[in-house]
Each structure stands twice: as structure tokens, then as C-alpha cells.
Amino acid sequence: MEPVAEPDRSVTATDPRPPRWMRRSTLLLLIVLAILALGLVLYFLLPAGWARVVGSMTHGTAASWHGVGFGIVFTLAAVATAALALRSRHRPERRGLVIGLVVATAVLAAPNLLTLLIATGLTAPLARADVVLRITAPGFTVGTLVGVVVAALLAAGGRYLWVNRGRSEASTDGA
């Protein structure tokens with residue numbers, strides 16, 4: 001019986017896949033291209049769509065109170081979800097929750113951001129949406145601005161009260 005030769009472990013079979021850096025950079029490039037394509041679609045379709053939705057919701061009447069409601073509700077909801085995300089960010093087991101809260105914050109802030117972008121009218125699609133919004137929902141953009149300011153003041157006041165909730169009790173107890 002002849003001794004069995006051990007296989008040479010210094011030589012490895014070549015991996016048929018491309019190198020890891022190439023796979024990752026290709027994936028990153030595809031993600032960036034997908035985001036750009038989505039951004040272009042949203043750039044052209046979303047402002048006009050949002051203006052039509054708001055116009056159909058208000059039926060062509062003065063919409064300043066609708067704007068105030070949208071501004072307050074969506075600003076407070078976005079601030080609350082952002083606060084929850086910031087509070088949970090240091091716990092590794094809650095990484096999925098934080099990502100979900102960040103996405104929810106972006107979605108909740110979208111109506112106010114869309115209204116702001118439409119009100120600026122910096123580009124042709126935004127200017128067209130601004131005309132539609134002014135005709136079908138007059139006062140909506142100003143109402144939204146008022147609602148956002150009111151919600152920001154409410155959030156700042158709530159934050160102040162939350163941070164200082166124990167200070168007045170502590171100062172009266174020591175006296």
C-alpha cells in the first residue's frame with residue numbers, strides 16, 4: 001500500500017465571481033442610479049399630483065384652514081417620530097426601528113416639504129403646480145406655513161416643559 005499524498009493546500013481554486021469590491025461598487029452604483037431615476041420621476045410628477053390632490057380636497061374654496069391643519073398635524077407627527085428615532089439611536093438592537101422611524105419621519109414631512117417646494121416655484125414643474133395650487137386651493141400655502149410655525153412653537157414649548165418638568169418641584173422642595 002502506497003502512502004496517500006496530501007493535497008496541496010497552498011493552491012486554491014479560483015473563484016468564478018468578481019472580486020468583492022467590484023460587486024459592492026456595482027451594487028452601490030445601481031442603488032445611486034435607482035435613486036436618481038426615482039428622483040427624476042418624483043421631480044416631474046409629484047408636485048403636480050400634490051397640487052391636484054389638495055385642489056380636489058378643498059373643492060376650489062379658500063383652503064387656508066386646510067393648510068393650517070396639514071401644517072400642524074404633519075409637522076408634529078414628523079417631529080415626534082424624529083424624536084423617537086433620536087432617542088433609540090444608541091441601542092444596536094433597535095437599528096431596524098430607527099431606520100423605520102427615519103423613513104416615517106421623511107414620509108410625514110413630505111406634504112409640508114412639497115407645499116414649500118411648490119410655493120417657491122423655482123423650476124417649471126414647480127411653477128405649474130404653484131399655478132394649479134393657487135387656483136384650486138387659494139391660501140393653502142400660507143395656511144401651511146402658519147401651521148408649521150404653530151407646530152414648531154408647540155414642539156419647542158413641549159420640549160421645554162419636558163426638560164424642565166422636575167426643576168420647579170426640586171426648587172420648591174428644598175425651600
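**Exercise 1. The salt bridge of R134**

Which residue forms a salt bridge with R134, and how far apart are the closest N and O atoms?

*Solution.* Keep in mind that we are working with a predicted model.

- Step 1: Start with the general idea. Side chains of opposite charge can pair when their charged atoms come close.
- Step 2: Find the partner. R134 pairs with D130, and their closest N and O atoms lie 3.0 Å apart. A salt bridge requires the nitrogen and the carboxyl oxygen to be within 4 Å, so this pair qualifies.
- Step 3: R134 and D130 sit four residues apart in helix α4 (residues 124-136), so about one helical turn separates them.
- Step 4: Check how many salt bridges there are. A search of the whole structure turns up one.

**Exercise 2. Buried or exposed?**

*Solution.* You need two cut-offs here: buried means under 20% relative accessible area, and exposed means over 50%.

- Step 1: Now look at the whole protein. Of its 175 residues, 21% count as buried.

**Exercise 3. How two helices cross**

At roughly what angle do the axes of α1 and α3 cross?

*Solution.* 

- Step 1: Know what to look for. Two packed helices are described by the angle between their axes and the distance between the axes.
- Step 2: Read off both values. The axes of α1 and helix α3 (residues 95-120) cross at roughly 100° and come within 10 Å.
- Step 3: Name the arrangement. Angles of 65 to 115 degrees count as roughly perpendicular, so α1 is roughly perpendicular to α3.
- Step 4: List the residues that touch. From α1 the contact uses L46, P47, W50 and A51, while α3 contributes P111, L114, T115 and I118.

**Exercise 4. A nonpolar patch**

Which residues make the nonpolar surface patch of about 580 Å²?

*Solution.* 

- Step 1: The patch is built from L28, L29, L30, V32, L33 and L36.
- Step 2: Take L28 as an example. This residue belongs to helix α1 (residues 20-58), and its relative accessible area of 53% makes it exposed.

**Exercise 5. The overall layout**

How many helices and strands does the protein have?

*Solution.* 

- Step 1: Count the elements: there are six helices and zero strands.
- Step 2: Follow the sequence, and the pattern reads α-α-α-α-α-α.
- Step 3: Residues 24 or more positions apart account for 76% of them.

Key
Residues numbered from 1 in each chain as written. Predicted model: local features only at pLDDT ≥ 70, side-chain atom pairs only at ≥ 80, totals over all residues. Heavy atoms only, no water. Patch = residues over 30% accessible without salt bridge, like charges linked within 9 Å, V, L, I, M, F, W, Y side chains within 5 Å. Areas by Shrake-Rupley, 256 points an atom, 1.4 Å probe, with all protein chains shown as cover. Salt bridge = Lys/Arg side-chain N within 4 Å of Asp/Glu carboxyl O. Buried < 20%, exposed > 50% of the residue type's maximum accessible area, 1.4 Å probe, protein only. Axes fitted to C-alpha atoms, helices over the stretch in contact; angles between N-to-C directions. Parallel < 35°, antiparallel > 145°, perpendicular 65-115°, else oblique. Contact = heavy atoms within 4.5 Å.
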